[in-house]
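Hello,

Here is the structure I promised to pass on to you. Have a look at it first, and then read on for what turned up in it.

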Amino acid sequence: MPASPRPSRWHHRLRTRAASAWRTAPARARRRWTERTRWTRRRRALTACAVVAALLVLPVLGAALALRWCYAGDPAVDARTRGRDAIWLGHAWVDGRRTDADLSVLATRVRGTGIHDLYVHTGPLEHDGSLDPKRAPGVADFLGRARAAMPGVRIQSWLGDVVAPEKDGLHLDRQDVRDRITASAQQVLDLGFDGVHFDLEPVHDGSSGFLALLDQVHALTAARSAPLSIAAPQIEPVPMVGRVSFALTDHGKWWSAGYFAQAARRVDQVAVMSYDTSMPVESLYGGYVARQTTLALANTPPDVALLMGLPAYWDDTPTHRGDAETVRAAVRGARLALGPDGRENFGLALYVDFAATPDHWAAYRDGWCV
């Protein structure tokens, strides 16, 4: 039998390479599988991030577009002052700091506008609801001089304080506190004020104590033929957002439309604090005011006067950007919502006299009073 031929060196190398490839094949497959799995996980993570971003961005973008749409178009020609406007006046008018010259300037600015009500800061109330008469020693003098300088203007006493449980202040759930606030309201009417204006903050949505207070004080003011008015928070722009916001921040920023309507039925006048909105640009703020005006019009009884607040002050904080929250944008937004057949029992209210600049007054006059 012939001997087997001796394998060549080339054949030996080929067999060695084949054996090596056979041994390393599982490792290569594992590496490919690992790389493929790693890419799949990365793709899943990127997809999840994209979904989360969309869930966060799209609602915000949609809301911004909706507000911008509310600010589009031209206001109706007859959406102008009805002669039912107001202005908040600081405490300096009743503690002796304001002079006759100051009053003359105020009267000049008010003349020819639609301002009918002055909310004059007379408090603040004590946390138990009482009012210290020493806080406003110049009330009688101011009332006499103001009525002489601005005939026909109605002067209401602006009473305010912070409210529990969010703040260390008034406990409106307590009857004794409500009784003392009612006594304070009678006290300012006895001083000669034409009405009572409450600015109690923050009153949480659904507060039964606040509604009970309004019932109690309104019985007093109605018997005296005097108006009762309130400064009201904004209405939640979409249902339930107020509850979500409160759960996250423990701050009652908005009232529900239903609660706003309950409060409005108990007073003669509502002034919505339509500022400090966190809107970043003027057009979105104007659209927000238009939306707030629409909601307030829908939830205020026809026999109750509705006023929308104008931000006549400068600030630059997370809640109020001075370049965005302008009197001009607020006036235009309110006019757009009021429309051509708007209610007569409607006005705008400037906040606040000691911060208002000539530009603020000009924006109010030119946009609303001309």
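Strand β8 (residues 269-272) and β9 run parallel and are joined by four bridges; strands count as paired if DSSP finds at least two bridges between them. Within this pairing, Val-272 stands opposite Met-308 in β9. To get from β8 to β9 the chain passes through helix α8 (residues 282-299), making a right-handed β-α-β crossover. Right-handed here means that, with the strands pointing away from the viewer, the path from the first strand over the helix to the second runs clockwise. Helices (H or I, at least four residues) and strands (E, at least two) are DSSP runs, numbered from the N terminus.

A word on the source: this is a predicted model, in which local features need pLDDT of at least 70 and side-chain atom pairs count only at pLDDT 80 or more, while totals for chains, interfaces and linings use all residues. Residues are numbered from 1 along each chain as its sequence is written, and side-chain values use heavy atoms, with hydrogens and water left out.

Back to β9, which also pairs with strand β12 (residues 346-351), again in the parallel sense, over six bridges. There, Leu-307 stands opposite Gly-347 in β12. Strand β9 (residues 305-311) is largely enclosed by the rest of the structure, because seven of its seven residues are buried. Buried means under 20% relative accessible area, exposed over 50%, and partly exposed in between (1.4 Å probe, protein chains only). In a regular strand the side chains alternate between the two faces of the sheet. Both faces of β9 are covered, with Ala-305, Leu-307, Gly-309 and Pro-311 on one side and Leu-306, Met-308 and Leu-310 on the other.

Next, the aromatic rings. The structure holds twelve aromatic pairs; rings of Phe, Tyr and Trp (its six-membered ring) pair if their centres lie within 6.5 Å, and planes under 30 degrees apart count as stacked, over 60 as edge-to-face and the rest as tilted. Trp-158 and Tyr-351 make an edge-to-face pair, 6.4 Å centre to centre with 65° between the planes. This pair links distant parts of the chain, 193 residues apart: Trp-158 is in strand β3 (residues 154-162) and Tyr-351 in strand β12. Trp-158 is buried at 8% relative accessible area, whereas Tyr-351, at 24%, is partly exposed.

Best wishes
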